[in-house]
Amino acid sequence: MQEQKQGFGQSGGSSPGFNGNNGNSGFGGNSVAAGNSATQQEGQLQQQKPPDSGEPEQLMETVDDTCTLRDAREVEVAPSWTAAFPGSGIKILWQSIEQLTGITTSDDNDSNGRLKKGTCVTVKTHYPSPHVSPKFFYMDTSNLHYAILLMRNPLMVLPSYFKFLYRFEFNNGPDAEVPIDKWVAWRNENYVEQLNKWVEHTQWWVKNYGAQGKLMILPFEHFTDPEKGPETLKQIGIFLGQVDQTTAANLVPEKDLPCLWRKTVGTSAPPEFADPKMRKKLLSQPPKYPFTLDQMDQMMQAIKLVKKEFDSVPQVSDLLNEYNRQITTAKRAVQKLLDA
């Protein structure tokens, strides 16, 4: 990892400069360590209304939205992986990273050739899930020594993954409604396999990067939280800035992070996450795309096993505890509905 010489309020080294930013206003810092029958349940859950729709509520009476989004440019830097299980929301992540750093990103297909040229700050991948380009196995990735693992609770990521598959199959838009009965049929056939794949995905990245201190765990739930999101962007910048000095020199000013979050994550994340009112209701009611009580028990058990394996990695074990608390809350909401 190259030495990070730049901090908040400090003068940085020379940089290419993006849209007039000479790199002196970026930031840096320390490394981020970084029940009842299924049929009855499903029938009742389908009668539940989805969360209120509408535009996200304004976070404050006045907000500063004067920051300017910039066009990412190809710059020679040391890249890092951005890894995620399919359905985790990684598109929002790489779009935000391009705005945060002003540097282009790539993926494991390298269709833009940036990985080969060394002109991307991160490389997106779903490995070791099956959603990986065949080119991935032939590319030279020996210069990627660090990784950001975007994690999302399986309670949410499995339905999100299914919705992606359904919309892709029927050529629907990203916001098209997905029938719950289609989800239930897919879930009943694929649940165990997909939960195991989520576990394997987490294990692979933590085993291969976490023990070396070269991994940042990025919870989707924190990244899309209006209160935690800007600070999470800051931690991403710190992590990437310590991988490469040029990246560090081109980070946006810290004061612009809340505005940048609102203009990137806040406008792209599902409203039930980015809107504070809807977010509060999300796990206090039965999930719109339901699991049976037995399936939620299996989910919690799988998470406990992963936590036990990585109990010495606090950023992993703490997040997994948080996931099980969320599942417990959702399970209680489902049980309450079934008992009504």
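A residue counts as buried when its relative accessible area is under 20%, as exposed when over 50%, and as partly exposed in between (1.4 Å probe, protein chains only). By this rule, buried residues make up 55% of the 340 residues in the chain.

The structure is a predicted model, in which local features need pLDDT of at least 70 and side-chain atom pairs count only at pLDDT 80 or more, while totals for chains, interfaces and linings use all residues. Residues are numbered from 1 along each chain as its sequence is written, and side-chain values use heavy atoms, with hydrogens and water left out.

The predictor's confidence in each residue is given by pLDDT, on a scale from 0 to 100. Its average over the chain is 83, and 79% of the residues score at least 70.

| Stretch | pLDDT | Contacts in the model |
|---|---|---|
| Residues 1–25 | under 50 | 70 contacts beyond four places in sequence |
| Residues 28–62 | below 50 | 60 contacts beyond near neighbours in sequence |

Where pLDDT is low, the predicted coordinates should not be read in detail.

The whole structure contains one disulfide, a term for a pair of cysteine sulfur atoms within 2.5 Å. This disulfide joins Cys 67 to Cys 259, with an S to S distance of 1.9 Å. Cys 67 lies in the loop between helix H1 (38–45) and strand S1 (80–84), whereas Cys 259 belongs to helix H9 (residues 257–263), 192 residues apart. Both cysteines, Cys 67 and Cys 259, are buried.

How values were computed:
Contact = heavy atoms within 4.5 Å. Helix = DSSP H or I, 4+ residues; strand = E, 2+ residues; numbered from the N terminus.
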